[in-house]
Amino acid sequence: MQLNILPAVAKPEKPKPDECCGGGSCCPCVRDEYKKQLAIWKRENEQHAITIK
């Protein structure tokens, strides 16, 4: 049996539809920030995953 234990880092929450103005002029956009934080979260979880056999 294989068990992956991931660090206790909270997954970022996806922005709600009303949190983005849709104008495209915000820098950074909440959606851009979410994508950036999600990529960091994924990378950290991959790096810190421990496989127990």
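Trainee: What share of the 53 residues in the protein chain is buried?

Mentor: Buried residues come to 13% of them. Keep in mind that this is a predicted model.

Trainee: And what secondary structure does the protein chain have?

Mentor: There is 1 helix, along with 2 strands. Read from the N terminus, the order is β-α-β.

Trainee: How do you know that the span of helix α1 agrees with its number of residues?

Mentor: Helix α1 covers residues 30-48, which is 19 residues, and at 1.5 Å a residue it should span 27 Å. Its end C-alpha atoms are 27 Å apart, so the two values agree.

Trainee: Which residues in α1 are buried?

Mentor: Those are Y34, L38, W41 and N45. Around the axis they cover an arc of only 60°, so they sit on the same side of α1. Here's the background: an α-helix has 3.6 residues a turn, so residues three or four places apart point the same way.

Trainee: Then what is exposed on the other side of α1?

Mentor: Over there you'll find K35, E46 and Q47 exposed.

Trainee: Now the cysteines. Why is C29 called buried?

Mentor: The cut-off for buried is under 20% relative accessible area. C29 has 16%, so it counts as buried. You'll find C29 in the loop between β1 (3-5) and α1.

Trainee: And what makes C27 exposed?

Mentor: Exposed means over 50%. C27 has a relative accessibility of 79%, so it counts as exposed.

Trainee: How many disulfides are there?

Mentor: The count is 0. A pair of cysteine sulfur atoms has to be within 2.5 Å. For C29, the closest cysteine sulfur is that of C20, at 3.8 Å, so it is too far for a bond. For C27, the closest is in C26, at 8.9 Å, and that is also too far for a bond.

Trainee: One more: how much of the contacts with a separation of 6 or more comes from residues 24 or more positions apart?

Mentor: In the protein chain, those account for 73%. As for surface, the chain exposes about 4700 Å², and carbon and sulfur atoms supply 54% of it.

Definitions and conventions: Residues are numbered from 1 along each chain as its sequence is written. This is a predicted model: local features need pLDDT of at least 70, side-chain atom pairs count only at pLDDT 80 or more; totals for chains, interfaces and linings use all residues. Side-chain values use heavy atoms; hydrogens and water are left out. Helices (H or I, at least four residues) and strands (E, at least two) are DSSP runs, numbered from the N terminus. The expected span of a helix is 1.5 Å times one less than its number of residues. Buried means under 20% relative accessible area, exposed over 50%, partly exposed in between (1.4 Å probe, protein chains only). The arc is that of the directions from the helix axis to the C-beta atoms. Contact means heavy atoms within 4.5 Å. Accessible areas come from the Shrake-Rupley method with a 1.4 Å probe; for residues, only the protein chains shown count as cover.
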